[in-house]
Amino acid sequence: RKKVTTLVKKFDAISVREDSAIKLVEQLKGKATMCLDPTLLLTKDDYSRLIDDSQVERDTETSPIFSYLLDPTESKESIVEGLKANLKADATNLRPRNGKQLPPMEKWLKGFRDSDIVVTDSFHGIALSIINKRQFIAFGNKTRGLARMTDLLEPLGLGGRILNEENLSEVDLSKFLAPIDWKKVDKVLDKKRQESADWLLAALEK
């Protein structure tokens with residue numbers, strides 16, 4: 001803590017993704033502002049240009065269900081299987097594990113854009129689902145930063161999309177298939193996007 005406190009003082013500006021991190025920086029004698037994760041400063045069109053410009057993934061199809069799980073478990077997989085049965089659809093599974101070569105970034109981005117519903121335990125999986133206006137189910141992941149998930153979703157009215165893995169056997173999947181009011185989400189998101197961009201530009205101008 002003593003070493004980090006000295007280093008924090010060297011920064012002209014610090015942004016964080018969750019409210020709890022503001023207090024953490026204050027404990028280190030610094031000052032932080034809560035901003036959107038940088039991925040959310042871009043739009044669907046920005047990411048689509050990357051996908052469409054890629055020769056590698058242009059002809060790759062994505063199933064209606066896109067599963068991106070950093071920490072797959074039997075209970076999480078059961079939700080994916082439940083969705084497959086409910087929707088009578090296939091799932092594309094992307095697993096950044098097992099020492100295998102990772103697929104091109106464009107394939108990963110394409111999964112969030114071209115699927116109908118996303119199942120993920122990743123913060124950025126949630127962010128890209130929102131950017132692409134996809135239905136999604138998110139598993140709360142304390143070891144990977146549950147606070148940043150809730151701090152993103154609650155103001156957007158999407159806090160109910162987070163599942164506790166301990167109670168997955170009681171989950172009613174039908175509520176996750178109900179349409180999301182994206183106009184309402186965009187109204188809040190656009191305001192936060194502008195505030196975050198303004199903070200970043202002001203910080204850079206220093």
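In which strand does Gln135 lie? Gln135 is part of strand 6 (residues 135–139), strands being DSSP runs of E of at least two residues and helices runs of H or I of at least four, numbered from the N terminus. The model is predicted, so local features need pLDDT of at least 70 and side-chain atom pairs count only at pLDDT 80 or more, whereas totals for chains, interfaces and linings use all residues. Residues are numbered from 1 along each chain as its sequence is written, and side-chain values use heavy atoms, with hydrogens and water left out.

Gln135 counts as buried because its relative accessibility is 13% (buried, under 20% relative accessible area; exposed, over 50%; partly exposed in between; 1.4 Å probe, protein chains only). A polar atom of the Gln135 side chain lies 2.8 Å from the backbone oxygen of Ala178.

The whole structure holds 4 aromatic pairs (rings of Phe, Tyr and Trp, the latter by its six-membered ring, with centres within 6.5 Å; planes under 30 degrees apart are stacked, over 60 edge-to-face, the rest tilted). Tyr68 and Phe112 are edge-to-face, because their centres are 6.0 Å apart and their planes at 80 degrees. Tyr68 belongs to strand 3 and Phe112 to helix 5, 44 residues apart. Phe112 is buried, with a relative accessible area of 0%.

Note on methods. Polar contact = N/O pair within 3.5 Å; in protein donor to acceptor, adjacent residues only side chain to side chain.
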